[in-house]
Amino acid sequence: MKYFGGVEGGATHSRLVICDESGQSVGSTSGLGTNHWGIGIPECARRIADMVERAKEEANISKETRLTSLGLSLSGCEQEATNRELEQELRTTFPNLADSYAVSSDTMGSMFTASSIGGIVLISGTGSNCLLRNPDGSTFNCGGWGNFLGDEGSAWYISYRALKVVFDDMDSFEKAPASITKTWALIKEHFSIETRYDMLPHCYAKFDKPFFANLCKKLAQNAEDGDELALILFREAGVHLARMITALLPNVHKDLVQTGELNVVCVGSVWSSWNLFQGAFTKELSKQSIKFNLKLVRITKSSAYGACYLGADSAAFNLPRKYSDNFTVLHTISKGGKAPTGNGVATKCCKCQEK
């Protein structure tokens, strides 16, 4: 019996699945973050090996049994040179882990969980990233540069914008587009602070991106309760995410849209608040003349399955899979960029939407 592994790796947590020759999951587990830029390649490899051994134990697979392939779709694995370095670390330090490896970015795992030919993956979780892959293997990206250079539309960026708008208003530097009262109270509660000066350690010496980004979940609740500033921040995020797709559309190959539609795999926790930015998102896309439908889908299985598929393919093994079981349709935007109705009305938005 051959076994195939796949890892979905993020900055804060990871997940691994092991499938047998029929494509059925026989073991799975979760672990710590596996972004090598944050923890280093040796520690990243150690965490991967630890998950493999725990999943093998759950599946009653002998410790001496090597995986036929191990697909790694990890945050931070966008460069071929460091991908090869990670593979070499695994082969050297854990020589009995797997026969072959396929290392790629987390976006690739998400994409291949939903499709075998490619498409667009739009990640909006702690950070953000957008990647297009055509059937010929060519790839193009927009974003993915981290919080210092980007992360627009992500949980971290929404949280950061909340602080920035509040601080600018309190400084009389730029008036907020709506009352800051509820947002400031939420910031103080989340970070356990009393004054703005108390916020400085969280921004610098004790900066913790995942914790910072967790403020977004509370802002979403404020938005659901009708707070106008929170609503504006999510609309701004919708515009940013739509612009990432717009940036990649000129590079879409005709072979990718032969069916008349393009899959956009939507990944990350911010998509759970789709109702808060749907209008702004679709309104921004309506500015474009798109010649095919955009089908927004959310995967219902871990992208560790996509990583597993990639690993099996790299090992030249036809692992059975049924993509339609792995996703649900979130929304379809008809070709031509038809403008939405309802909550797509333009709003005065912080430096982003048209006034």
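At 17% relative accessibility, arginine 235 counts as buried, a label given to residues under 20% relative accessible area, whereas exposed means over 50% and partly exposed in between, with a 1.4 Å probe and protein chains only. The side chain of arginine 235 meets that of glutamate 228 in a salt bridge with an N to O distance of 3.1 Å, and glutamate 228 is partly exposed at 32%. Salt bridges that share partners also join Glu43, Arg46 and Arg47 into one network. The model is a predicted one, in which local features need pLDDT of at least 70 and side-chain atom pairs count only at pLDDT 80 or more, while totals for chains, interfaces and linings use all residues. Residues are numbered from 1 along each chain as its sequence is written, and side-chain values use heavy atoms, with hydrogens and water left out.

A salt bridge here is a side-chain nitrogen of Lys or Arg within 4 Å of a carboxyl oxygen of Asp or Glu, and by this rule the count comes to 17. Within helix H2 (residues 41-58), arginine 47 and glutamate 43 lie four residues apart, about one turn of the helix, and their closest N and O atoms are 2.9 Å apart. Helices (H or I, at least four residues) and strands (E, at least two) are DSSP runs, numbered from the N terminus. Arginine 47 is buried at 18%, while glutamate 43 is partly exposed at 23%. Helix H2 also holds lysine 56 and glutamate 53, three residues apart, whose side chains form a salt bridge at 3.7 Å, N to O. Lysine 56 is buried, with a relative accessible area of 0%, whereas glutamate 53 is partly exposed at 30%.

## The second largest pocket

The second largest pocket has a volume of about 360 Å³, where a volume is the space filled by probe spheres set on grid points that are joined across faces, edges and corners. On a 1 Å grid over the protein atoms alone, a pocket is an open set of points where a 1.4 Å probe fits, with protein on both sides within 12 Å along at least five of seven lines, and lining residues have an atom within 4 Å of a point.

Of the 14 lining residues, Tyr160, Leu163, Cys203, Tyr204 and Phe212 lie nearest the centre of this pocket. H5 gives the largest share of the lining, five residues, and both H5 and helix H7 (200-203) supply at least two residues each. The lining divides into 11 nonpolar residues, one polar and two charged; Ala, Val, Leu, Ile, Met, Phe, Trp, Tyr, Cys and Pro count as nonpolar, Asp, Glu, Lys and Arg as charged, and the others, Gly among them, as polar.

## Surface patch, loops and a covered helix

Trp145, Phe148 and Leu149 form a nonpolar surface patch with about 470 Å² of accessible area together. Phenylalanine 148 is exposed at 78% relative accessibility and sits in the loop between strand E8 (139-143) and helix H5 (155-170). Patches consist of residues with over 30% relative accessible area and no salt bridge, nonpolar side chains (Val, Leu, Ile, Met, Phe, Trp, Tyr) being joined within 5 Å and like charges within 9 Å.

Aspartate 255, in the loop between helix H10 (228-248) and strand E9 (261-267), is partly exposed at 36%. Its C-alpha atom is 9.3 Å from that of isoleucine 117, 138 residues apart along the chain. Helix H4 (residues 106-114), by contrast, is mostly covered, with nine of its nine residues buried, among them Asp106, Met108 and Phe112.

Key. Accessible areas come from the Shrake-Rupley method with a 1.4 Å probe; for residues, only the protein chains shown count as cover.
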